[in-house]
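Thanks for sending this one over. Here are my notes, point by point, to read with the model open beside you.

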Amino acid sequence: MRVYLPCTLPALAAAVKAGEVGPAPLTGYAVTPALIEWYASGDTEELEYVALTEAARASLRMLAADRADGVDAPARRVVIAAEVPEKGVTVGAALEERGRVRLSRAVPMTKVAAVHIDDHDAVTDIEAAIAALPAADAGDDDARFTVDGAEAHELMWYATQEIPDLLS
């Protein structure tokens, strides 16, 4: 099962060093029955894009949490795409995030298929989205527009052998 795991660049570096994405349990996003039912007209590729987008939203929140904790994480959303056995994945049915799943085990880096990361051109909009998150969560429509602006940037695809270059 293809699962999209929200991440940050410091967390990706830690995963590479540890040889796995973890510790478990992990929250990820995938093509779930609830997502298929909600997005009835989409093919698998479109549904995977929806799951990737949900993971990118979660990555933005991870960046905001890092900043609140004093971690200097670059303002680039990161999503790890991995192939994991279905038996270790629990599917939820939350209406807000239909693609959310829970992984009961850490994911070995050998199961990572690719990494998706914001281009450097997105940094200004990602910084603005991080700053606007608290107001957006409180219902401010202008702040919500700023947060949504982060999604205007497509994440770039990188093969696993390119990860060391991304971290340098």
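1. Let me begin with threonine 32, which lies in the loop between strand E3 (26-29) and helix H2 (33-38). Helices (H or I, at least four residues) and strands (E, at least two) are DSSP runs, numbered from the N terminus. Is threonine 32 buried or exposed? Its relative accessibility is 0%, so threonine 32 counts as buried; the cut-offs are under 20% relative accessible area for buried, over 50% for exposed, and partly exposed in between (1.4 Å probe, protein chains only). Not counting residues up to four places away in sequence, threonine 32 touches Val91, Arg98, Gly99, Arg100 and Val101, where contact means heavy atoms within 4.5 Å.

2. A word on the model before going further. This is a predicted model, in which local features need pLDDT of at least 70 and side-chain atom pairs count only at pLDDT 80 or more, while totals for chains, interfaces and linings use all residues. Residues are numbered from 1 along each chain as its sequence is written, and side-chain values use heavy atoms, with hydrogens and water left out.

3. Strand E6 (100-103) deserves a look next. Val101 and Leu103 form its covered face, whereas Arg100 and Arg102 are on the uncovered one. E6 pairs with E3 in the antiparallel sense over four bridges, and leucine 26 has leucine 103 as its bridge partner. Strand E5 (residues 89-91) also runs antiparallel to E6, joined by three bridges; here valine 89 is the bridge partner of leucine 103. For pairing, DSSP has to find at least two bridges between two strands.

4. Now to helix H1 (residues 9-18), where Leu9, Leu12 and Ala15 are buried. Why do they sit on the same side of H1? They cover an arc of only 115° around the axis, which puts them there; the arc is that of the directions from the helix axis to the C-beta atoms. The face turned away from the buried side carries the exposed residues Lys17 and Ala18.

5. What do the buried residues of H1 pack against? Their partners are strands E1 (2-7), E2 (20-21), E4 (78-83) and E8 (112-117), together with helix H6 (163-167). At the start of H1, a side-chain oxygen of threonine 8 comes within 3.2 Å of the backbone nitrogen of alanine 11. Glycine 19 follows H1 and has a positive phi, near 85°.

6. E1 is mostly covered, with five of its six residues buried. E1 pairs with E4 in the antiparallel sense over six bridges, and tyrosine 4 has alanine 81 in E4 as its bridge partner.

7. The largest nonpolar core has 24 residues, and Leu12, Val21, Leu103 and Val107 have the most contacts inside it. A core of this kind is a set of buried Ala, Val, Leu, Ile, Met, Phe, Trp, Tyr and Cys residues joined through side-chain atoms within 4.5 Å. E1, H1, E4, E6, E8 and H6 each give two or more residues to this core. A second, separate core of 15 residues includes Ala129, Ile130, Ala136 and Ala150.

8. Finally, the chain as a whole. Its secondary structure comes to six helices and nine strands, and 42% of its 168 residues count as buried. Among contacts between residues at least 6 apart in sequence, 77% join residues at least 24 apart. The C-alpha atoms fill a box of roughly 40 × 40 × 25 Å, taken along the principal axes.

Key. Polar contact = N/O pair within 3.5 Å; in protein donor to acceptor, adjacent residues only side chain to side chain.
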